[in-house]
Amino acid sequence: MAGDLRTSALRTTVAGLRATRRRRQVLVLTGMVLVVLVAGTGALLMGAAGLTPGQAIAGAVGLGDKGDVFVVQKLRLPRVEAAVVVGAAFGLAGALFQSTLRNPLASPDILGISTGASLGAVTGTLVLGLSGVALSGLAFTGAGTIALLIWVLAWRKGLHSIRFVLVGVGLAYLCASLIAWIMARSQEQEAAAVLTWTVGSVSDIRGEQLALVAAGTLVLAVAVAVVARTQGPLALGDDNARALGVHVDAARVGALLLAVALVALATSAGGPIAFVALVAPAIARRLVNDGGAALAASAATGAALTLVADVVGQHGLLGVAAPVGIVTGLVGAPYLLWLLATTEKRSR
Amino acid sequence: MLTALAALLLVVLASLALGVRDIDPVEVWRALTAPVAGFVDHDVVLDQRLPRTVVGLAAGVALGTAGTLIQGVTRNPIADPGLLGLNSGASLAVVCAVWIFGVTSPIGYVWFAFVGAAAAAAIVFSVGRGQPVRLALVGAAVTALITPLITLVLLRDQQAFNLYRFWSVGSLTGRGLDTVAMLWPFVLVGVVLAAALAHRLNMLALGDDVATALGQRVGTTRALAAVAIVLLAGTATSLAGPVALVGLVVPHAARRLVGTDYRWIMAIGALLGPVMLLTADVLGRLVLPRSELEAGVVAALLGAPVLVAVARGRNVAGA
């Protein structure tokens, strides 16, 4: 009798905790969606052709003045959508990397995958003289090559997270120093022009490319939702996860493959947008604060962060019109630092 | 230990004897013992090879020791001066020195680099409050905050961009003995502190709770380590530019050689740091005919494979 009572009390407690967790997740997600809506609306209204909210909405649905429709549908809306899609992809990828590799620093920036994309782009511009689609292709190839290299070099009877991370960091430094070397050897003007490519931008993603990236991200996100069940046990360590019946290697390989695909996709469109994948999951984890990987919240935070950063950068709030990759760090890092400084609770 | 010492001696000799200009070893010896003023061979040895060897020694010792300390304190195998925000802090200060004050000589921006690194470290350690995971994360966040600021300055100021392009590669040339003469006490104090802390890092490696239970004041250890890290990494970056990979690879290589005792790792790390940096510098002089590759680039080309090899090894920390 007493045992039954205790069990039912335990059940109530667990149910209560679960409800609290879910509430908190919903709260964070709603908050981030609100940020996206506000910043997105702001992005539609601001610019050389100033629009009223009414004109912007009319333009977005294809009504009203032809000029307004063009400005909203062809120029401003795609940019907002691109920032949201690419940001979400980076945020989700970062969360996957960090939870799978059990290292809060593991993100494509630090593992060299983004740096590989930069190296591809810098080589393409300064050494081969490429531009446009060929350049995107080369950035994509750079990211893919580095990911593949990490994989091959870190593989030793399975994929140990520590090996993956170490190899990645080594390759990141290698790429970074090659970039620095190429920049030091090239003409002043050319080197300055390539500076923006090393940080990423969402200003030129529209039409088919946007649709492709959006669809790809969506498919990958669904796949992530499927494999997400194993992320919780993996966070407890390989042995515990195994004891809980998780195929550790398969789960890790699957999650990392998805993360790499997300990064490569987003990078091919927007370039290696700096620090979103590092900062967004860190913020999301702290906001959700349930010890989990906070995958959905990371994607939402990534989208919000990238969009806000693009609005700030585009409208010259820093004194110069800056590509989004320069601003993401400026917007995200102080918030993350503030979160880190104010959360007393010991983090994972 | 002896092997590491021998390797260091060998690489120092190589650094004095080898270069774009062919100089007879006998002349190198004479240049050091009985220099003849105006004799080109002697001038090259004394004015170019000797300073960069000394700079490489000082910066290498500092980087090797700082890297070991950082990994010990953060308990994160990928932590290094770069990830703790020290390099980006130094870079921002250098870029601002050029942009705002028009400083262009190495001796002028050495102090800016030092202060920048120290300021970044101060933020990282105060917000990180010594908890390993948090420390690493705060370091990354500070880097994420500072890197775009650097880019913004570079986009605005052509002169700063030009100087930064060459500074950020990382090189041992162009810094005179006067710079080392100014900064060597920092390296000395840092190394002594690091040596004194090595035993405490061993306990810290078992976790904060165990270290506390063993009678250690964990907070004090971290604070002292922070001071040493700032002194060492700050000096290294001021001297050679942001050559972060050395600080990352050396502790891993040392761990591979001598196991997990930080007293040994620290000693070997202090020797392997200059070995790696000077090897990179010497190779950089030799690979291209009539021109040089900067030490920073070669260090990355050398360091990445070493890191991969260490990562693939059986005893990699945490695997």
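Q: What makes the radius of gyration of chain B agree with that of a compact globule?
A: A compact globule of 319 residues would have a radius of gyration near 20 Å, and chain B has 19 Å, which agrees. The radius is taken over C-alpha atoms, and the globule rule is 2.2 Å times the number of residues to the power 0.38. Along the principal axes, the C-alpha atoms of chain B fill a box of roughly 65 × 50 × 35 Å.

Q: On what kind of model do these values rest, and how are its parts labelled?
A: The model is predicted: local features need pLDDT of at least 70 and side-chain atom pairs count only at pLDDT 80 or more, while totals for chains, interfaces and linings use all residues. Residues are numbered from 1 along each chain as its sequence is written, and chains are lettered from A and ligands numbered from 1 in the order in which they are written.

Q: How many helices and strands does the secondary structure of chain A come to, and how many does that of chain B?
A: Chain A has 14 helices and 0 strands, and chain B has 13 helices and 0 strands. These counts refer to DSSP runs numbered from the N terminus (helices: H or I, at least four residues; strands: E, at least two).

Q: Why is chain A called as compact as a globular protein of its length?
A: The radius of gyration of chain A is 21 Å, close to the 20 Å that the globule rule gives for 348 residues, so the description applies. The C-alpha trace of chain A spans about 75 × 55 × 35 Å along its principal axes.

Q: Why are α13(A) and α14(A) called roughly perpendicular to each other?
A: Helix α13 (residues 295-314) and helix α14 (residues 324-342) of chain A pack at about 115°, with their axes 8 Å apart. The axes are lines fitted to C-alpha atoms, for helices over the stretch in contact, and the angles run from 0 to 180 degrees between N-to-C directions. Angles under 35 degrees count as roughly parallel, over 145 as roughly antiparallel, 65 to 115 as roughly perpendicular and the rest as oblique. The pair α13(A) and α14(A) is therefore roughly perpendicular.

Q: Which handedness does the crossing of α13(A) and α14(A) have, and which residues make the contact?
A: α13(A) passes α14(A) in a right-handed crossing. A crossing is right-handed if the near helix is turned clockwise from the far one by less than a right angle, and left-handed if anticlockwise. Among the contact residues are A:Leu305, A:Val308 and A:Val312 of α13(A), and A:Ile326, A:Val327 and A:Val331 of α14(A).

Q: How do the residues of the contact of α13(A) with α14(A) divide by class?
A: They divide into 8 nonpolar, 4 polar and 1 charged. Ala, Val, Leu, Ile, Met, Phe, Trp, Tyr, Cys and Pro count as nonpolar, Asp, Glu, Lys and Arg as charged, and the others, Gly among them, as polar.

Q: How many residues of chain A and chain B are in contact, and where does the largest share of the chain A side come from?
A: 48 residues of chain A are in contact with 46 residues of chain B, where contact requires C-beta atoms, placed from the backbone, within 7 Å. The largest share of the chain A side, 15 residues, comes from α6(A). By class, that side of chain A has 37 nonpolar, 6 polar and 5 charged residues.

Q: What makes α6(A) and α13(B) roughly antiparallel?
A: The axes of α6(A) and helix α13 (residues 295-312) of chain B come within 9 Å and cross at roughly 170°, which makes the two helices roughly antiparallel. The residues that meet include A:Leu166, A:Leu174 and A:Trp181 in α6(A), and B:Ala300, B:Ala304 and B:Leu307 in α13(B). The contact divides into 13 nonpolar, 4 polar and 2 charged residues.

Q: At what angle do α5 and α10 of chain B pack, and which classes form their contact?
A: Helix α5 (residues 106-128) and helix α10 (residues 218-240) of chain B pack at about 145°, with axes 8 Å apart, in a right-handed crossing. Their contact has 11 nonpolar, 3 polar and no charged residues, including B:Phe114 and B:Phe125 in α5(B) and B:Ile229 and B:Val230 in α10(B).

Key:
Contact = placed C-beta atoms within 7 Å.
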